[in-house]
Amino acid sequence: MATTDAIIASTAPGNLIDHNLIDREVEGLCDGMVRYEKRPARRRDGSVVEGLYNAWIIFNNPTQYNSYTTDMVKATILAFRRASVDREVNAVVFTGVGDKAFCTGGNTKEYAEYYAGNPQEYRQYMRLFNDMVSAILGCDRPVICRVNGMRIGGGQEIGMACDFSIAQDLANFGQAGPKHGSAAIGGATDFLPLMIGCEQAMVSGTLCEPFSAHKAARLGIIADVVPALKAGGKFVANPTVVTDRMLDEYGRVVHGEFKSGAAFKEGQAQIKEGEIDLTLLDLKVEELCAKLLDTFPECMTKSLEELRKPKLQAWNLNKENSRAWLALNMMNEARTGFRAFNEGTRETGREIDFVKLRQGLAKGTPWTEELIESLMPAAK
Ligand SMILES: CC(C)(COP(=O)(O)OP(=O)(O)OC[C@H]1O[C@@H](n2cnc3c(N)ncnc32)[C@H](O)[C@@H]1OP(=O)(O)O)[C@@H](O)C(=O)NCCC(=O)NCCSC(=O)C1=CCCCC1=O
């Protein structure tokens, strides 16, 4: 009987149709700010598999916490399409450079300096953003979000569009919407209720308070969490988070909550003195890739398609309305909120005086340029 290798050698066609959308390298599309790396796939024993790869799609904008510019969104759409049709790709690993941020969402500098006050332009941008989320949800390969650092705003949204998330435990998660002049309707309001329940989704989507990776794991928004801080050469759990007990003296769940007061400050100091090492994160990601490799490919794709349906149905139901509203929102609150963040500093703060705005609107004050200028942090 012929071996599988012999059958492959004798029956595989000489030419294959390339189903890619473009024949250009993704990296060339935005000066390397979105990297596409085919890394050799490995079996569970760590041995390299010949001819099969995992496609790493990497945001490379570290000075702006791996936020995505318009050009980066375009490149990401094409990167996911490229991975989806690449016969050699087993899984996609979606991540960012460094150990501070996976992604903090839309680029607030571009939002403030180009899109603010231009709803027609932001509507075009939001076609691209929507297509980026849809490209993740429609990828024919399993998508793993390797949470190398904070996952905030639109970064949380594209992260939740992935099939799996594995986080290093110094990463924080959360939305920014109503604090920066937006609403988390780029996927979070579709995915959060499904993933963590309506009440916790409401808390995250409206109050925009960050939560820890341990809490994200407890809530069910990520599949796994690993330590990243080394103290004296030994991995330790995030020292700013409660990780050594489940309940407080009143029986309330505290595991994963941030410490407070002196304990929190002491934890921050430990992080400052320690070394951040993502080795365990990468081992956990490779382990998951190896497990995915050990399956029938079409059955894997079908399982992904079915298990994605709750997210996809919510997303498809709302994404066009969301796009239209977000475009119009660029006339007032987004214009104000993103300018405040972009023009603010640590000294002046990066948010407006929300009470002052509410007091003015309670009197029917119209939105004018003058009102917006008066709300800028420097004007306080
Ligand atoms: C909470 C933060 C993520 C982290 O805060 P902190 O650790 O205090 O760092 P900062 O001093 O705030 O920031 C350090 C520098 O990074 C720049 N930065 C941070 N985030 C962004 C960003 N998203 N775009 C561009 N630049 C960013 C920041 O300006 C600092 O640089 P500088 O040169 O000024 O020192 C906090 O950083 C934060 O809240 N960031 C903004 C989060 C945000 O608002 N994201 C956009 C949300 S909206 C969105 O993503 C959307 C997606 C699609 C649907 C529509 C939509 O609105």
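This tour goes through the sheet, a helix packed on it, and the ligand site.

The model is predicted, so the cut-offs matter: local features need pLDDT of at least 70, side-chain atom pairs count only at pLDDT 80 or more, and totals for chains, interfaces and linings use all residues. Residues are numbered from 1 along each chain as its sequence is written, and side-chain values use heavy atoms, with hydrogens and water left out.

Stop 1: Select residues 34-42 and 48-59. These are strand 1 and strand 2, paired in the antiparallel sense over eight bridges. Strands are DSSP runs of E, at least two residues; helices are runs of H or I, at least four; both are numbered from the N terminus. Two strands pair if DSSP finds at least two bridges between them. Pick Arg-39: its bridge partner in strand 2 is Asn-54. Five residues separate the two strands of the hairpin. In the turn, Gly-46 has a positive phi of about 90 degrees.

**Stop 2: the sheet.** Strand 3 pairs with strand 2 in the parallel sense over seven bridges. Ile-57 has Phe-94 as its bridge partner in strand 3. Now zoom out. The open sheet has six strands in the order 1-2-3-5-7-10, with mixed pairing. Strand 1 and strand 10 (224-226) stand at the edges with a single partner strand each, so one side of each has no neighbour in the sheet. From one strand to the next, the twist averages 25 degrees.

**Stop 3: helix 2.** Select residues 70-85. Helix 2 packs on the sheet and touches strand 1, strand 2, strand 3 and strand 5 (143-147). Contact means heavy atoms within 4.5 Å. The direction of helix 2 makes about 25 degrees with that of strand 1. Axes are lines fitted to C-alpha atoms, for helices over the stretch in contact; angles run from 0 to 180 degrees between N-to-C directions.

**Stop 4: the ligand.** Next, show the polar contacts (pairs of N or O atoms within 3.5 Å). A backbone N or O atom of Thr-108 lies 2.9 Å from a ligand nitrogen. A polar side-chain atom of Arg-346 lies 3.1 Å from a ligand oxygen. For the side chain of Arg-350, the distance from an N or O atom to a ligand oxygen is 3.0 Å.

Definitions and conventions
A polar contact is a pair of N or O atoms within 3.5 Å; within protein, one must be able to donate a hydrogen and the other to accept it, and residues adjacent in sequence count only if both atoms are side-chain atoms.
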